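Visitor: I am new to reading protein models. Could you take me through one, feature by feature?

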Amino acid sequence: MTDNNKPYIRVENLKKYFHTKHGMLHAVDDVSFHIEKGETLGLVGESGCGKSTLGRCLIRLLESTAGSVFLQNESGDSYTDLTKVSASVMKDLRRRVQIVFQDPYSCLNPRLSVWELIAEPLIVNRVFSNTQDMRRRILELMSTVGLAERLENSYPHELDGGRRQRIGIARSLALNPEFIVLDEPVSALDVCIQAQILNLLNELQREFHYTYVFISHNLSVVKHVSDRIAVMYLGQIVELSGYKELFIKPLHPYTQALLSAIPVAKLDVQKERIILEGDVPSPIEPPDACRFMGRCQYCQDICRSRTPELKEIEPGHYVACHFAGEVGL
Amino acid sequence: MEQANRNERDLLLDIRDLTIQYRTDNGVVHAVGGLNLQLGRGESLGLVGETGAGKTTTALGIMGLIPSPPGVVTSGQIFFEGEDLLTKSETEMRDVRGGKIAMIFQDPMTSLNPVMTVDRQIAEMIRLHRNVSDAESLTLAGDMLELVGIRRERMHDYPHQFSGGMKQRVVIAIALACDPGLLIADEPTTALDVTIQAQVLELMKRLKIQFNASMILITHDLGIVADICDKVAIMYAGRVVEYADKRALYTHPLHPYTIGLFNSVPDLDEDREELAVIPGLMPDPMDLPTGCTFHPRCEMAVEDCAKLRPEMAELEPGHFVACPVRARMLGAAQGR
């Protein structure tokens, strides 16, 4: 891990709003955090909480409304703000930042073969001048992600979900990136295949020292892969801490409810289940108040009138709650 | 022994040797092959397996809803309350569906009619099975909505005005409207978020007791089964490979596939670098392996596994496993 003052990525006051006919939708609303080199930051939350939007803003697949994403330069002493650089600079930077998408059924062009799909990023970035070298690299990538060589001329529809996801991973690795956003990479897969892909991602990180942001709604999966976990609710990070602390001592009432709602494949687990009332409120023009107030059993007057800031309650454990450390424990 | 058990248990549903195929242009898909399954009155059974294991096809088979063509029930019997559903006419089945056996489908977004208010959708079910007037059926629909936790004022709303969790509540209200003896829920919470899933599961648990219904819960999530079922059946490639009380199955699973399934779920209480994986993939249902369908992926497989199709055997009281290798191991251990 690097020096705390010089993290690998610094996200500052990042916002992403969308215009809708009902008003401004606050998909990502003022989030700040950092990512260390070589770590896996888990990003969890329910559908619509803005985790995928945040993931895309991090690597500028979406233009942010405000705020910055500082990426450490290769020399390690200066930063580049990804949200501000020109398109041509960004194109070069894309070699370093990559993404793996959720749905291995829709993120691959059905008319390209496995070989062509993996070649695409190499061709676009003019990495190789001759086909032999490129072919060698493609076969190497295929073996890295565990795709048999005989599949090189297959098309996505001939392959199962796990293999398709392996193609997606091979494509993102093709340019030797440093930072990869994994957007629900195993959600569309069965548990057995899911376990295979999780092990693969783990091995790759150990071998090539990638930095991951792992987005998922499945807390068991996130806990398995992450070093630190950020919990999102309605566009904001409500809690961020090391993965162990988060599960042993969740401090935000939403995290507590979320953790208690996970069905565990074991008997006799004594668990007080917190059942939240109602649904996630609308992210359109939210009031200046705690986003969780309507569903929180500890809600007080102050929660209805001011948005709580993400504060460091214990070393490395950040919580956005006016009563953090006082409630529910 | 098995026969005696059946009689003692007051069986509501007894499926014997059910085989369902889909005959397509490319070949025959063996979706369900020789499936045996029993469900007692008031029990809830978790039917667990991966995509393509034949869980949904089994459910559709019970409901008489196998799309035909290409689907064909080639053999077997499905006894429900003592009568074989497969011999019933389409008219008779219409009374069974919704009235005696109701089904909740996975995706509430697609199982509701988007251009019909929710009270009318519930009332439709009530009118089909009970002799009541229009007005009465709508009042009953309102009662059902309140029962599943939706305010009566919202009964004239359309499905798109509800959130995913609320829509699934409406679907549950429709399913329970005629007080069915058996409820089949096909992945009822897979499309929902965890906190909403917790709400819906809590509701289903409460209503199951209130209506005294039996339930088959189809899921791939062993956590949900631990939460609400009494019995568990693990399916693999169209057959049940292990069937037991929840307690027996969770404390000492016996079939190698069940053990692999448990090991591939990340554990919340434990730190493990590596997840144990079952090597390989589910077999192609058009080209199933001979003998035990799991043998190519099984670490315990012996030569015989490729030749003989394993039958279910009761290795411990109430604990059925389709694996002769495990049976021999257990027998040897007990003999000592």
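Visitor: Which residues of helix α3 of chain A are buried?

Guide: First, the terms. Helices (H or I, at least four residues) and strands (E, at least two) are DSSP runs, numbered from the N terminus. A residue is buried if 20 or more other C-beta atoms lie within 10 Å of its own, exposed if 12 or fewer, and partly exposed in between; the C-beta atoms are placed from the backbone. Now the case. Helix α3 of chain A covers residues 114-124, and its buried residues are A:Val114, A:Leu117, A:Ile118 and A:Ala119.

Visitor: How should I take these numbers and letters?

Guide: This is a predicted model: local features need pLDDT of at least 70, side-chain atom pairs count only at pLDDT 80 or more, and totals for chains, interfaces and linings use all residues. Residues are numbered from 1 along each chain as its sequence is written, while chains are lettered from A and ligands numbered from 1 in the order in which they are written.

Visitor: What covers the buried residues of α3(A)?

Guide: Covering rests on contact. Two residues are in contact if their C-beta atoms, placed from the backbone, lie within 7 Å. Here the cover includes α4 (131-144) and α5 (161-173) of chain A. Look also at what follows α3(A): A:Arg126 has a positive phi, near 45°.

Visitor: Is A:Asn13 buried or exposed? And where does A:Asp30 fall?

Guide: Count the neighbours. A:Asn13 has 12 other C-beta atoms within 10 Å, so A:Asn13 is exposed. A:Asp30 has 17, so A:Asp30 is partly exposed.

Visitor: In what order do the strands of the open sheet in chain A come?

Guide: Start with pairing. Two strands pair if DSSP finds at least two bridges between them. In chain A, 4 strands form an open sheet in the order β2-β1-β4-β5, with antiparallel pairing. The edge strands are β2 and β5 (79-81), each pairing on one side only. From one strand to the next, the twist averages 25°. For such angles, axes are lines fitted to C-alpha atoms, for helices over the stretch in contact, and angles run from 0 to 180 degrees between N-to-C directions.

Visitor: How many bridges join β1(A) and β2(A)?

Guide: The two pair over 10 bridges, in the antiparallel sense. Helix α1 (residues 51-58) of chain A lies across β1, β2 and β4 (66-72), and runs at about 60° to β2(A).

Visitor: How many residues of chain A are in contact with chain B?

Guide: 29 residues of chain A are in contact with 33 residues of chain B. On the chain A side, α6 (191-208), α7 (219-225) and α9 (253-260) each supply at least two residues. The largest share, 6 residues, comes from α6(A). Sort that side by class: 16 residues are nonpolar, 6 polar and 7 charged. Ala, Val, Leu, Ile, Met, Phe, Trp, Tyr, Cys and Pro count as nonpolar, Asp, Glu, Lys and Arg as charged, and the others, Gly among them, as polar.

Visitor: How many helices and strands are in chain B?

Guide: Chain B has 12 helices and 12 strands. Of its 336 residues, 44% count as buried. Along its principal axes, the C-alpha trace spans about 70 × 50 × 45 Å.

Visitor: Show me one buried residue of chain B.

Guide: Go to B:Leu249, in helix α10 (residues 246-251). B:Leu249 has 28 other C-beta atoms within 10 Å, so B:Leu249 is buried. Leaving aside neighbours within four places in sequence, B:Leu249 is in contact with B:Val232, B:Glu242 and B:Ala244.

Visitor: Where is a cis peptide bond in chain B?

Guide: Most peptide bonds are trans. A cis one joins B:Ser68 and B:Pro69, with omega about -10°. The bond from B:Pro69 to B:Pro70 is cis too, with omega near 5°. B:Pro69 is in the loop between α2 (55-63) and β4 (71-80) of chain B, and B:Pro70 is in the loop between α2 and β4 as well.
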